[in-house]
Amino acid sequence: MAFLPAKIGLRYTYARRGSSFIGLNAILAIVGITIGIAALIVVLSVMNGVVTQVRDKMLSMTAHASIRPTFSATIPADFAPENYLKDGHIIAYAPIVQGQALIGDGQSFKGVLLQGVDPAEQSKVSEAFEMVPAEVRDQLTSGSFNVLLGDDLVTNIGAQIGDKITIIVPKVTASAAGLLPRLKRFTLVGTFHSGHSQFDSQVALVNLEDAAKLLQIPPQPTSYVIMLDDPLDAPLVRDQLQNLLPQDVYASDWSRDQATYFSTVQTEKNAMFIILCLIILVAAFGLLSSMYMVVNEKRRDIAILRTMGMTRNKIRNIFLTQGMIFGGIGTALGVGLGVFISLNIPAIMGFLQRRTGYELPKEMYLVDQLSAKIDPQVVIGVSLVALLLTLLFSVIPAYIAARTEPARALSQE
């Protein structure tokens, strides 16, 4: 007897006055829930995939954590990094000299981030630099004035290996002719590829001492970049280092340096979640309409059940069961469809690219291809939201059914 309302609700789901199919409104409601859930899972999975891809590509070029000067342009000469970088999460660290510059062929120039590196140490903290052939990395010796550029940057300025590249820094040199911009001709000896559009088109790597000479700064690094065993531990390591470091230097990490980008993406994800939930909400209104029609259709059956002793609560449970079955079917189909599309995003984008010739703009999205990362918590959260909306919109027709008066309902037959 306890399961009788559920059994009746299940039968009402697939049988209606001899019909062997669910009503058109119910089908449309289920389809709407399916599409809404699938769209929500696909969009959030793609955004997760892009964020993860951008983060991984970014961390192949930039530091997981870093130590920087607090008051001066360079790290103090008496600072000994080995005395502080002893944390178990730290794999390696390397000095760099960094500054802004213009790079070009003498006719046109492009703004870049000039990084002076120690080739022997930089390969320990940069995956993209480590992928450069050793014989090319070894050419970044002091006094050679050789340079490595990102492959996108080389394409943009139309350079080739062996070309002379002019680098201008925001410094001036006094001469008899007046103040002249400080520039130097470098030889392009190779390229690197990180997969992150911003780095591949805006970074130039030279020897650390060559960079210091060009920027006219003391022969000290402007920062130490640190590689960790897990980049997600960077905020924890940063806080621990900050408690140990002297006042003339401070610790930072990638989550703080790139906070604007990641906070913007998180805001977009929240906005997309709310917008796409409206699709599920519209489908839930369709479900409400369908169940209201069922209640009107079953008024005679409800009256008979009431005269046989079924309570209002059990009548209410009949239609709550029916609504949750509709919602469960839509949710299951939506999750399945959303996961299937998410897993095949690269193939789908490849097909569309071949058919339409459209290519993902790297300058806008920072990556050249889309990927999806399915988060189980997102799937569970979306499913719970859909089921909760289904339950809420099933309460109204269930309440109407429970309020049915047997005498009045039978008198109208």
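**Close-up views of a predicted model**

**View 1. F145, a buried loop residue.** At 18% relative accessibility, F145 is classed as buried, because buried means under 20%. The model shown here and in every view below is predicted. F145 sits in the loop between α5 (134-137) and β4 (146-150). Its phi is positive, about 55°, although F145 is not a glycine.

View 2. The phi of Q216 is positive, at about 55°, although Q216 is not a glycine. The residue belongs to the loop between α8 (208-215) and β8. Is Q216 buried or partly exposed? Its relative accessibility is 41%, so Q216 counts as partly exposed.

**View 3. The whole chain, for context.** The chain has 413 residues, and 46% of them count as buried. It contains 17 helices and 9 strands. Take the contacts between residues at least 6 apart in sequence: 79% of these join residues at least 24 apart.

View 4. D163 lies in the loop between α6 (151-157) and β5 (164-175). D163 counts as partly exposed because its relative accessibility is 28%, between the 20% and 50% limits. Leaving out residues up to four places away in sequence, D163 touches F186, T187 and L188.

**View 5. Helix α11 against helix α13.** Two packed helices are described by the angle between their axes and the distance between the axes. The axes of α11 (residues 259-297) and α13 (residues 312-343) come within 11 Å. They cross at roughly 145°. The crossing is right-handed. From α11, the contact uses L287, M291, V294 and V295. From α13, it uses F319, Q322, G323 and F326. By class, 6 of these residues are nonpolar, 2 are polar and none is charged.

**View 6. Helix α13 meets helix α14.** Here the axes come within 4 Å and cross at roughly 65°. I341, S342 and L343 represent α13 in the contact. I345, P346 and I348 represent α14. Which classes do these residues fall into? There are 5 nonpolar residues, 1 polar residue and no charged ones.

**View 7. Helix α14 and the glycine after it.** α14 spans residues 345-356, 12 residues in total. From first to last C-alpha it reaches 16 Å, close to the 16 Å expected at 1.5 Å a residue. G357 follows α14. The phi of G357 is positive, near 80°.

View 8. L333 lies in helix α13. L333 counts as partly exposed because its relative accessibility is 48%. Residues up to four places away aside, L333 touches I30 and T34. I37 is 296 residues from L333 in sequence. In space, the C-alpha atoms of L333 and I37 are 8.6 Å apart.

**View 9. V379 in helix α16.** V379 has its place in helix α16 (residues 376-402). With a relative accessible area of 14%, V379 is buried. Beyond its neighbours within four places in sequence, V379 is in contact with I41, V335 and I374. Its C-alpha is separated from that of G338 by 9.1 Å. V379 and G338 are 41 residues apart along the chain.

Technical notes: Residues are numbered from 1 along each chain as its sequence is written. This is a predicted model: local features need pLDDT of at least 70, side-chain atom pairs count only at pLDDT 80 or more; totals for chains, interfaces and linings use all residues. Side-chain values use heavy atoms; hydrogens and water are left out. Axes are lines fitted to C-alpha atoms, for helices over the stretch in contact, and angles run from 0 to 180 degrees between N-to-C directions. Helices (H or I, at least four residues) and strands (E, at least two) are DSSP runs, numbered from the N terminus. A crossing is left-handed if the near helix is turned anticlockwise from the far one by less than a right angle, and right-handed if clockwise. Contact means heavy atoms within 4.5 Å. Ala, Val, Leu, Ile, Met, Phe, Trp, Tyr, Cys and Pro count as nonpolar, Asp, Glu, Lys and Arg as charged, and the others, Gly among them, as polar. The expected span of a helix is 1.5 Å times one less than its number of residues. Buried means under 20% relative accessible area, exposed over 50%, partly exposed in between (1.4 Å probe, protein chains only).
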